[in-house]
Amino acid sequence: ESGKVTVRVEYEGRQLGIRVVDTGIGMAKSFQNSLFDEFAQEDPAFGRVKPGVGLGLAITKRLVTMMDGEIRVESQQNVGTDFGVFFPLINQPEPEVPSVGSDGAMQAVQPPAGAESSSMDRLLVVEDQEVGRVLLTKLLSKKYDVDVVGNSRDALECATNNSYNAVLMDINLGEDRTGVDVMKILRDMPIYQDIPIIAITAYALPGDKERLLAAGFDGYLGKPFTRGELFSTLEHVTSVRRMART
């Protein structure tokens, strides 16, 4: 209800640290020994003001440990808490760019001299979240020529003025038109009747995939998806469309 939360990134020796410091209610020393246990809660009473089930920190510690990192905590009751996650740094002798191998694994390679994007398949990516746009651009740009937009208006303008080999369409665009609406408009254009359109969405309940495929999408990617799932879905739907045309 008052105070502040500070997030900072810092270097400590050969580690990169991300720290979150708050001026909240803090924790008793006696509870901190079980802090990372599953379902551990200092105040387990039903109807308490602070929600949660005691899984967040247990999951966080597992993820940090899997990445060869460590998590630390300092806390004082009625003063606040300082959480930090620390990861080992990896030396990179020269600036390099990520690329995706044929097996879907990330590889570090130097940009090929004189590489021409015009020889690549061209993709239109429609994603309303900036983080998603950045991520998809980084993943796709070394293998495809990518245009990325954040709303239905820009998507339709790009589609009208350009031709694409495939479209990756977010479903929830945060506006009156959904990705389904944009897909149907594209399908009414002769040039996009045979172009694969893939739904990218957080709608991942049973039946959502079938519903979107039945609506007219060629493929489905439920968020969060892996790099391998992204490329295998793209390759599958484009190959199916090509075979259908022949």
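Strands S1 and S2 (residues 15–22) run antiparallel and are joined by 8 bridges. The two make a hairpin with 2 residues between them, and the turn includes Gly13, whose phi is positive at about 65°. Across this pairing, Tyr11 stands opposite Leu16 in S2. S1 itself covers residues 5–12, and of its 8 residues the number buried is 0, so the strand lies largely in the open. All of this comes from a predicted model.

S2 has a further partner. It is joined to S4 by 8 bridges, again in an antiparallel arrangement. Here Val20 is found opposite Phe83 in S4. S4 spans residues 80–88, and Phe83 is part of it. Which residues does Phe83 touch, once its neighbours within four places in sequence are left aside? The contacts are Ile18, Arg19, Val20, Met27, Leu35, Phe36, Leu57, Arg72 and Val73.

Now for the overall picture. The protein has 7 helices and 11 strands. It is made up of 246 residues, of which 34% count as buried. Looking at contacts between residues at least 6 apart in sequence, 53% join residues at least 24 apart. As for confidence, the average pLDDT is 82, and 82% of the residues score at least 70. One stretch needs a word of its own: over residues 92–119 pLDDT stays under 50, and the model has 30 contacts beyond four places in sequence for these residues.

Helix H3 shows how buried and exposed residues can be sorted around a helix. Gly132, Leu136, Leu139 and Leu140 are buried in H3. Seen down the helix axis, the buried residues of H3 fall within an arc of 85°, so they line one face. The face turned away from that buried side carries Glu130, Val131 and Lys138, which are exposed.

How many aromatic pairs does the count come to? The answer is 1 aromatic pair. The partners are Tyr144 and Phe231, which are stacked, with 6.3 Å from centre to centre and 25° between the planes. The pair links distant parts of the chain, as its members are 87 residues apart: Tyr144 is in the loop between H3 (130–140) and strand S8 (145–149), while Phe231 belongs to helix H7 (residues 227–245). Are these two residues buried or exposed? Both Tyr144 and Phe231 are buried.

Lys223 and Pro224 are joined by a cis peptide bond, with omega at about -5°. Pro224 lies in the loop between strand S11 (219–222) and H7.

Two further backbone details concern residues with a positive phi. Asp68 is not a glycine, yet its phi is positive at about 60°. This residue sits in the loop between helix H2 (56–66) and strand S3 (70–76). With a relative accessibility of 62%, Asp68 counts as exposed, the cut-off for that being over 50%. Asn78 is not a glycine either, and its phi is also positive, at about 65°. Its place is the loop between S3 and S4. Asn78 has a relative accessible area of 68%, so it is exposed.

Methods: Residues numbered from 1 in each chain as written. Predicted model: local features only at pLDDT ≥ 70, side-chain atom pairs only at ≥ 80, totals over all residues. Heavy atoms only, no water. Phe/Tyr/Trp six-rings, centres within 6.5 Å; stacked < 30°, edge-to-face > 60°. Helix = DSSP H or I, 4+ residues; strand = E, 2+ residues; numbered from the N terminus. Buried < 20%, exposed > 50% of the residue type's maximum accessible area, 1.4 Å probe, protein only. Arc of directions from axis to C-beta. Contact = heavy atoms within 4.5 Å. Pairing = 2+ DSSP bridges. pLDDT = per-residue confidence, 0-100.
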